[in-house]
Amino acid sequence: MAPIVPGQNPRPGSPSAAQPPPHPGGRPPEGAGSAPPAGPRQAELPPAHRALSCVALPWVVLSAEHGQLTGQGLDGFYLSGRRLLSRCQLRIAGREPVAVQSRSVTAERVRFLSVVRTPGAQGPDPEVGVERLRDAEGIERITLRNSSPRPLRLPVEIALGTDLADLAAIAGGRTGPELSAGVHDSGMRWSTGDALAVVTAEPSPQSVLASAGLLRWEVELAPGGTHTIELRIRSDRPVRPVGKSGGGLPADTTADGDDPRVGPLLKGCVDDLRGLLLRAPGHPTDVIPAAGVPWRCGVAPAEALWTARMTLPLGTRLAAATLRLLARTQILAAGADFGRIPGPFRDAGPYLPPSCTGIEATLAFPAVLAEARRWGLPDQEVAELLPAAERCLHWLRSSAGPDGLLREQGPGGPQRAETQAHAHRAALLGADLLDDCGGRGGVGTGGVADPVAWREWATALRRTFREAFWIEDRAGGRPAAARTANGAQVPHLGGWAAHLLDTGLLGAGRFAPGLLDKVRAEQVARLLGGPAMDSGWGLRSLGAKEPGHNPFGHRAGAVRVHETAVAVAGLAAAGFEKEAGALLRGALDAAEAFGHRLPEMYAGEQRTAGGAPAPHPAACRPAALAAAAGIQLLTVLAGIRPDAPAGTVALAPMRSAPLGAVQFSGLRVAGEPFAVRVSRLGLGMVEEAAGRLQLGV
């Protein structure tokens with residue numbers, strides 16, 4: 001198996017792919033390729049927002065709400081990006097069932113309910129109910145139930161077909177005709193030079209018409225009787241999804257509270273994340289998150305790290321595996337890029353050139369390692385990853401300018417405010433890590449293992465940032481999004497500003513100081529909580545009053561769930577609970593509208609009475625970072641601040657208790673189960689913890 005190349009956009013479940021599929025409007029998916037070269041206009045992706053998905057990578061099933069696979073658009077059973085079956089159409093007594101309901105049972109299973117009114121029926125009521133349970137692992141169970149008082153004899157047909165197309169070809173509209181089928185065992189078989197698909201049925205059909213792709217049965221149903229047909233879709237290589245074995249996520253994590261939605265949201269997020277887990281090639285015990293379905297089933301470096309960080313309350317295994325994977329990709333050749341983690345470019349909105357996700361991943365690496373250690377990552381694993389963190393810090397020191405600010409790669413690259421926030425966090429949490437663990441230094445690291453020097457560097461960066469990135473105005477001022485190569489400030493306010501409040505967790509339950517002073521942090525909190533940024537469904541990626549605002553724009557106004565989670569956590573930690581609570585409630589309302597399975601983004605249109613959030617037609621759902629964001633949105637209520645090396649855990653719950661009383665169980669701190677309860681008065685109580693942990697202040 002080929003190694004994973006972080007940042008590429010493989011077909012579903014595939015470890016790597018040469019090129020990402022095209023994206024509408026020229027927007028490259030995050031972590032899905034390099035900056036788009038000049039050339040012909042990219043083809044539009046088929047809309048995915050109405051598709052019901054079953055996901056247990058490397059298996060993916062996509063279908064419309066009626067449940068019939070028509071061979072159109074994205075419909076199909078996919079394995080490692082290959083569409084094994086594109087058409088699966090059921091007819092009973094010569095009629096298509098009438099769809100009445102569809103819903104996701106779990107991330108890997110969807111249930112469709114339909115009815116059939118038989119030709120001899122008396123009155124308008126349908127007599128036959130049809131349940132289709134579709135499982136991501138290539139299984140479909142079709143159950144017919146006779147609700148009439150008389151026995152029925154019904155002809156049942158299932159029409160099958162496939163093109164064995166690759167998802168990239170489907171995305172680009174380059175699929176070919178259906179392939180000719182051959183009879184195989186109790187079903188059919190299709191093959192090309194490099195792909196094979198087989199569908200078998202139980203019970204065996206009474207007739208098979210390969211030329212038309214038809215399986216036929218004569219089904220006899222007694223009054224109240226049922227009959228089940230099971231289809232199994234497979235290729236020439238069996239694969240067991242990672243999530244079937246848990247994937248390092250605890251199976252006993254639950255939430256409950258006054259707000260009945262907290263439990264379903266936590267369950268939905270954990271299910272979605274489990275369905276997106278992959279094994280690292282060559283390291284089968286390491287489980288890592290793919291970015292999202294259907295377009296981004298590879299590993300996006302920065303997003304994988306943020307996903308691991310936001311899910312630390314569920315344990316450190318995902319973080320450790322992700323850190324190890326990215327450490328193996330780190331650039332070790334001498335030169336300006338030594339220590340950097342490779343990553344593709346991505347769109348940065350209407351006012352800035354594409355940014356490098358590798359820079360973001362490089363700056364996130366030491367911060368995630370430091371926080372994972374606080375949550376209980378074993379010392380031996382920390383020690384193994386520490387040299388890679390030091391190399392990341394070496395890259396930061398060698399790449400920052402004389403003023404301490406980082407520029408984006410490329411000639412005349414801007415200095416982005418968000419990047420400076422990541423750099424500041426990396427320096428302070430890196431210093432904390434080096435202080436406790438001791439630096440190993442070594443050839444090529446340039447002696448970066450001095451925690452005192454990193455704290456001094458961060459202090460200087462704070463001074464520079466406050467002078468260079470703050471724009472004074474009559475409304476109290478605002479941070480600049482970036483500075484251009486000639487020093488001009490880019491004034492447009494967006495969701496990126498939430499990262500200025502995300503300072504990172506130190507020891508003894510303390511948060512690191514931020515780039516902003518108290519007065520400016522309070523102003524940013526007001527801006528994030530204002531109607532220009534808070535859509536009522538979450539935080540907009542670009543303020544509604546900014547020129548170029550587009551409620552469906554990926555970084556031009558859409559709500560990106562993880563930015564909302566970053567804002568809620570940062571606001572709550574800084575004491576701005578009114579703004580944090582409003583954003584949290586809006587995101588929870590949006591999650592309910594999406595069936596507690598959050599997409600990576602949705603429209604940033606202003607909420608109105610009786611309205612609902614509008615889906616983005618190209619958004620991945622499920623998406624790992626959105627699922628992780630949902631977990632963080634909930635756990636921030638408890639304010640868990642562990643320091644496993646010191647044997648303590650502190651609680652700083654949201655005193656305003658915006659969702660009322662809430663209780664979490666099956667979390668993990670120091671590798672052991674952890675349960676916490678927050679009362680309606682905002683008081684926290686630990687109900688279960690490792691025996692060696694003491695409750696801190």
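**Entry 1**

I started at histidine 596, which sits in the loop between helix 11 and strand 29 (601–602). This is a predicted model, so I kept that in mind throughout. The phi of histidine 596 comes out near 65°, positive although the residue is not glycine. Is histidine 596 buried or exposed? With a relative accessible area of 16%, histidine 596 is buried, as it falls under the 20% cut-off.

I then looked for another case and found alanine 508, with phi near 60° and again not a glycine. Alanine 508 belongs to the loop that runs between strand 27 (489–490) and helix 9. Its relative accessibility is 47%, so I put alanine 508 down as partly exposed.

**Entry 1: cis peptide bonds**

Next I went through the omegas. The bond from glutamate 202 to proline 203 is cis, omega near 0°. I traced proline 203 to the loop between strand 14 (196–202) and strand 15 (207–209). Valine 293 and proline 294 are also joined by a cis peptide bond, here with omega about 10°. Proline 294 is in the loop between strand 20 (283–289) and helix 3 (301–310).

I checked confidence before going on. The average pLDDT is 90 for the protein, and 91% of the residues reach at least 70. Residues 1–42 are another story: pLDDT is below 50 there, yet the model gives this stretch 115 contacts beyond near neighbours in sequence. I also flagged residues 441–445, where pLDDT stays under 50 and the model has eight contacts beyond four places in sequence.

**Entry 2: the cores**

How many residues does the largest nonpolar core have? I noted 167, and Leu57, Phe365, Leu396, Trp454, Leu528, Ile640 and Phe664 have the most contacts inside it. Helix 5 (residues 357–375) supplies the largest share of this core, eleven residues. There is another core apart from it, with 41 residues, including Cys54, Leu69, Ala93 and Ile233.

Beyond four places in sequence, phenylalanine 365 contacts Leu305, Leu323, Leu326, Ala327, Ile341, Leu385, Ala388, Ala389 and Cys392.

**Entry 3: helix 9**

Helix 9 (residues 518–529) has twelve residues and spans 17 Å between its first and last C-alpha, close to the expected 16 Å. I listed its buried residues as Arg520, Ala521, Gln523, Val524, Ala525 and Leu528. What covers them? The cover includes helix 8 (451–468), strand 24 (470–471), strand 25 (478–479), helix 10 (561–573) and helix 11 (577–593).

**Entry 4: rings**

I found three aromatic pairs in the structure. In one of them, phenylalanine 465 and phenylalanine 469, the ring centres are 4.6 Å apart and the planes at 10°, so I logged the pair as stacked. Both of these phenylalanines are buried. Phenylalanine 594 and tyrosine 602 make a tilted pair, 5.3 Å centre to centre with 40° between the planes. Phenylalanine 594 is buried at 9% relative accessible area, and tyrosine 602 is buried at 1%.

Last, I looked for charges over rings. Arginine 397 lies over the face of tryptophan 454, 4.8 Å from the ring centre. Arginine 607 does likewise over tryptophan 537, at 4.0 Å from the ring centre.

Key: Residues numbered from 1 in each chain as written. Predicted model: local features only at pLDDT ≥ 70, side-chain atom pairs only at ≥ 80, totals over all residues. Heavy atoms only, no water. Helix = DSSP H or I, 4+ residues; strand = E, 2+ residues; numbered from the N terminus. Expected span 1.5 Å × (residues − 1). Buried < 20%, exposed > 50% of the residue type's maximum accessible area, 1.4 Å probe, protein only. Contact = heavy atoms within 4.5 Å. pLDDT = per-residue confidence, 0-100. Core = buried A, V, L, I, M, F, W, Y, C linked by side-chain atoms within 4.5 Å. Phe/Tyr/Trp six-rings, centres within 6.5 Å; stacked < 30°, edge-to-face > 60°. Lys NZ or Arg CZ within 6 Å of the ring centre and 35° of its normal.
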